Structure formats: structure tokens, C-alpha cells
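I set down each entry in the order in which I looked it up.

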Amino acid sequence: MKDMMSRIKEAAAKAGIDKKEILRLLKFAVIGVSNTLVDYLVFFLLNNISPTGYGVNQAISYTCGMLNSFILNRRWTFSDSRENRKIPGQFWRFIVINGISLAVTVETMTVLVYTLGLNAYLAKVLVILIAQAINFLGYRLWVFRKPSGT
């Protein structure tokens, strides 16, 4: 594990990425895991107590994971962006980035599976990676960017 971390640090240094950004990316990944757990647990619970059906339960559980993402990323991953930034503005930008991510991944999934014949589960892994890249860059550069002049 130490060897892998030193390779990551070395590659990041060559690419001009500082330790703070590597740490930010690792925090983002940890929060991504927690979002998935929140989504899954809420979905599981709703399916066992609610007669609303899978589609409604999926929408509710996904929304819970997304709210978890906003709160934790704002407080932990991008905590340096909170100064002089109002929550409603950040939240609406967060929704836009997630909408873009969703649209890109749905279209990519469709092409990978139906046009290129890729296995749906492999395609899902690829679109998760694409979504994470879009989300991280969107959050970093737009949603949770530092206010001008700081």
C-alpha cells in the first residue's frame, strides 16, 4: 500500500498536482462510498416498508445519497469554499452538475451497451468513473470554487 501511495504522489508531482488536491480527491472518493451506502440502505429500507414501488424508492434513495454528497463535500472535501458562499447558490450549481453527469452517463451507457454491445455491468463501471470525473471537476471548478480574491 505504501508503494502504491508513493507512486501516486510521484505521478501527481510530475503532473503538477499538489498534496492538497490529492487529499481532496481521496476525500471525494470516501464520500462517494458513503453516498452509495446511503442510497442503498434507504432503497433497502423503503422496499421493505413502503408500497410505493422500485421507481419511487430509487428516486428517494438517490436523492438521499445526493443530499449526503452535498453536505459532506461542502463540509469536508471543499471546506475551503464555504467562505462567502451561500448554500442555495452552491446547491443549485450542485444540482446542475449532477444533472449533466446523469445525462452524460445515461447516453454513454446506452451507446456502450446497445451500440457497442458491451456487457451492461462493465458499462456501468465505466460510466461510474465518467460520472465521478464530471462531478469532481464540476464541484471543484464551479460548485465549491473559492470566492474570487481568496
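Predicted model: local features only at pLDDT ≥ 70, side-chain atom pairs only at ≥ 80, totals over all residues.

**Entry 1: α3 against α4.** I looked up how these two helices meet. Their axes come within 11 Å and cross at roughly 130 degrees. An angle over 145 would count as roughly antiparallel and one of 65 to 115 as roughly perpendicular; α3 and α4 are therefore oblique to each other. I recorded the crossing as right-handed. On the α3 side the contact is made by Y62, M66, L67, S69, F70 and R74, and on the α4 side by I87, Q90, F91, F94, I95 and N98.

**Entry 2: R74.** Is R74 buried or exposed? Its relative accessibility is 11%, and the limit for buried is under 20%, so R74 counts as buried. Its side chain makes a polar contact with the side chain of Q90, at 2.4 Å. I also checked R74 against Y139: the two are 65 residues apart along the chain, and their C-alpha atoms are separated by 9.3 Å.

**Entry 3: the buried residues of α3.** I listed the buried residues of this helix, among them N57, S61, G65, N68, N73 and T77. The elements that cover the buried residues of α3 include α2 (19-49), α4 and α5.

**Entry 4: the largest nonpolar core.** Which residues make up this core? I found ten: F28, M66, F70, F78, F94, I97, F136, Y139, V143 and F144. The most comes from α5, which gives three residues. I noted the general rule that in soluble globular proteins nonpolar side chains tend to be buried together.

**Entry 5: I97.** From the core I picked out I97. Leaving aside neighbours within four places in sequence, I97 is in contact with I134, N135, G138, Y139, W142 and V143.

**Entry 6: S101.** Last, I turned to S101, which is found in helix α4. S101 is buried, with a relative accessible area of 5%. With what does the side chain of S101 make a polar contact? The partner is the side chain of N135, at 3.3 Å. Apart from neighbours within four places in sequence, S101 is in contact with A131, I134 and N135.

How values were computed: Residues numbered from 1 in each chain as written. Heavy atoms only, no water. Core = buried A, V, L, I, M, F, W, Y, C linked by side-chain atoms within 4.5 Å. Buried < 20%, exposed > 50% of the residue type's maximum accessible area, 1.4 Å probe, protein only. Helix = DSSP H or I, 4+ residues; strand = E, 2+ residues; numbered from the N terminus. Contact = heavy atoms within 4.5 Å. Polar contact = N/O pair within 3.5 Å; in protein donor to acceptor, adjacent residues only side chain to side chain. Axes fitted to C-alpha atoms, helices over the stretch in contact; angles between N-to-C directions. Parallel < 35°, antiparallel > 145°, perpendicular 65-115°, else oblique. Left-handed = near helix turned anticlockwise from the far one by under 90°.
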